[in-house]
Amino acid sequence: MRSDAARNRQRIFDEASGAVIGGETALTLNELARRAGVGVGTVYRVFPTQRAMLESVLEEAVRELIDAAAAAGGYPDPAKALVDFLRTALLSALAQPGLTDVLITGSDETDSLHRAKGELVEVTSDLLARIRPAPALTGENLLKLLCGLIHAVSEHPAERQGDAIDNYLDILRAGLAPTL
């Protein structure tokens, strides 16, 4: 890749990331091109669709959730591992607009995000497998439940979201298995 093409690509990605982190998850590719100071065709070569842009920007957040789940898997207490992972995931999703949409969607446009979500399902399944008695919940279903929790917590005023997270995780912990 030519150096000017690499710079343009990075500028486009940085502008898209800033917009998505700022809550502009529906930023059009035409507007992205205007803000990045490049032609629309250049943007379309980086991101063929608006959805691909969103997925590309938020893939790193999904990878951070994989790392958080893997780290929690090293905890000796499986209940604490699961709850700590969910707390981390909730806080991450609240801070990153669009992450819930990326997690809940079954059809991904980018292969790398699809693979990352598969990895996330695997590591969350591993967290669940450590709990005894085993809950009747798969890693994939846990991610869907997480998306519901994200929505429920986001409906609270910002100053009460921490308490809402604690309350919802207490309910979840009590419902998964009697030993949690």
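The model is a predicted one, in which local features need pLDDT of at least 70 and side-chain atom pairs count only at pLDDT 80 or more, while totals for chains, interfaces and linings use all residues. Residues are numbered from 1 along each chain as its sequence is written, and side-chain values use heavy atoms, with hydrogens and water left out.

The protein chain holds nine helices and zero strands, where helices (H or I, at least four residues) and strands (E, at least two) are DSSP runs numbered from the N terminus. Of its 180 residues, 40% are buried, a word that stands for under 20% relative accessible area with a 1.4 Å probe, protein chains only.

Helix H8, residues 139-154, has 16 residues and reaches 22 Å from its first C-alpha to its last, close to the 22 Å expected at 1.5 Å a residue, the expected span being 1.5 Å times one less than the number of residues. Among the buried residues of H8 are Leu-142, Leu-146, Ile-150 and Val-153.

Helix H4 (residues 50-72) and helix H7 (residues 111-129) pack at an angle of about 20°, with their axes 9 Å apart; the axes are lines fitted to C-alpha atoms over the stretch in contact, and angles run from 0 to 180 degrees between N-to-C directions. That makes H4 roughly parallel to H7, a label for angles under 35 degrees.

Note on methods:
Buried means under 20% relative accessible area, exposed over 50%, partly exposed in between (1.4 Å probe, protein chains only). Angles under 35 degrees count as roughly parallel, over 145 as roughly antiparallel, 65 to 115 as roughly perpendicular and the rest as oblique.
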